[in-house]
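Please read them with the structure open.

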Amino acid sequence: MIKLAGIIVVSLILIIFIRDTKKEFSLLLSIAVGILVFMSVAQEFYSVVETISSLVENSGEISSYISLMLKILGISLLGQFVIDLCRDNGENALATQTEIAIKIVIISMTLPLIETVIKIVTGLLK
């Protein structure tokens, strides 16, 4: 982790220096470092996904809900990465639109869950 933190700090310093003269290179470097960071933690991420997958398989009826939560988490993380890239490059309007789009996608994905909860609650109240 210390090596990864060092790479990130060095990259950040390079991006700051390059940004004034070659904005497109700073964007490419920023994306490359983001991919490098993800690839560095990919093995740990894979083991987490494997563990959660085995839990989902053994969870029976609620496995679809756990799967839904994991998809929402993935969308949120990827969306935050894209939003940060937009803001880093001065595209605040695009970042805001991306935030709104992600929220709409997440709401649309959770509608079946909300419907199920409402059915359960109304069933208990009758």
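**Notes on the predicted model**

1. The lining of the largest pocket has 17 nonpolar residues, seven polar ones and three charged ones. Keep in mind that this is a predicted model.

2. Pocket size and centre. The largest pocket holds about 850 Å³ of space. Its lining is made up of 27 residues. Nearest the centre of the pocket lie Gly-34, Phe-38, Leu-77, Leu-78 and Phe-81.

3. Who builds the pocket? Which helices each supply at least two residues of the lining? They are H1 (2–19), H2 (23–40), H3 (42–57) and H4 (63–88). H4 gives the largest share of the lining, ten residues.

4. Overall make-up. The protein has five helices and zero strands. Along the sequence the pattern reads α-α-α-α-α.

5. Overall dimensions. The radius of gyration of the protein is 20 Å, whereas a compact globule of 126 residues would have one near 14 Å. Taken along the principal axes, the C-alpha atoms fill a box of roughly 65 × 35 × 15 Å.

6. H1 against H2. The axes of these two helices, H1 and H2, come within 9 Å and cross at roughly 170°. Angles over 145 degrees count as roughly antiparallel, so H1 and H2 are roughly antiparallel to each other. On the H1 side, the contact is made by Leu-4, Ile-7, Ile-8, Ser-11, Leu-14, Ile-15, Ile-18 and Arg-19. On the H2 side, the contact residues are Lys-23, Phe-25, Ser-26, Leu-29, Ser-30, Val-33, Leu-36, Val-37 and Ser-40. By class, the contact of H1 with H2 has eleven nonpolar, four polar and two charged residues.

7. H2 against H3. How are H2 and H3 oriented to each other? They pack at an angle of about 50°, with their axes 4 Å apart. H2 and H3 are therefore oblique to each other. H2 brings Phe-38, Met-39 and Ser-40 to the contact, and H3 brings Ala-42, Glu-44 and Phe-45. The residues of this contact of H2 with H3 divide into four nonpolar, one polar and one charged.

8. H4 against H5. Helix H5 spans residues 92–125. The axes of H4 and H5 come within 9 Å and cross at roughly 175°. H4 and H5 are therefore roughly antiparallel to each other. The contact of H4 with H5 comprises 14 nonpolar, seven polar and three charged residues.

9. What does Met-109 touch, leaving aside its neighbours within four places in sequence? Its contacts are Leu-68, Lys-71, Ile-72 and Ile-75. Met-109 and Met-69 are 40 residues apart along the chain, and their C-alpha atoms are separated by 9.4 Å.

10. To recap for your own notes. The lining of the largest pocket has 17 nonpolar residues, and H4 supplies ten residues of that lining. H1 and H2 are roughly antiparallel, as are H4 and H5, while H2 and H3 are oblique.

Conventions. Residues are numbered from 1 along each chain as its sequence is written. This is a predicted model: local features need pLDDT of at least 70, side-chain atom pairs count only at pLDDT 80 or more; totals for chains, interfaces and linings use all residues. Side-chain values use heavy atoms; hydrogens and water are left out. On a 1 Å grid over the protein atoms alone, a cavity is a set of points where a 1.4 Å probe fits but cannot get out, and a pocket is an open set with protein on both sides within 12 Å along at least five of seven lines; lining residues have an atom within 4 Å of a point. Grid points are joined across faces, edges and corners, and a volume is the space filled by probe spheres set on the points. Ala, Val, Leu, Ile, Met, Phe, Trp, Tyr, Cys and Pro count as nonpolar, Asp, Glu, Lys and Arg as charged, and the others, Gly among them, as polar. Axes are lines fitted to C-alpha atoms, for helices over the stretch in contact, and angles run from 0 to 180 degrees between N-to-C directions. Angles under 35 degrees count as roughly parallel, over 145 as roughly antiparallel, 65 to 115 as roughly perpendicular and the rest as oblique. Contact means heavy atoms within 4.5 Å. The radius of gyration is taken over C-alpha atoms; the globule rule is 2.2 Å times the number of residues to the power 0.38.
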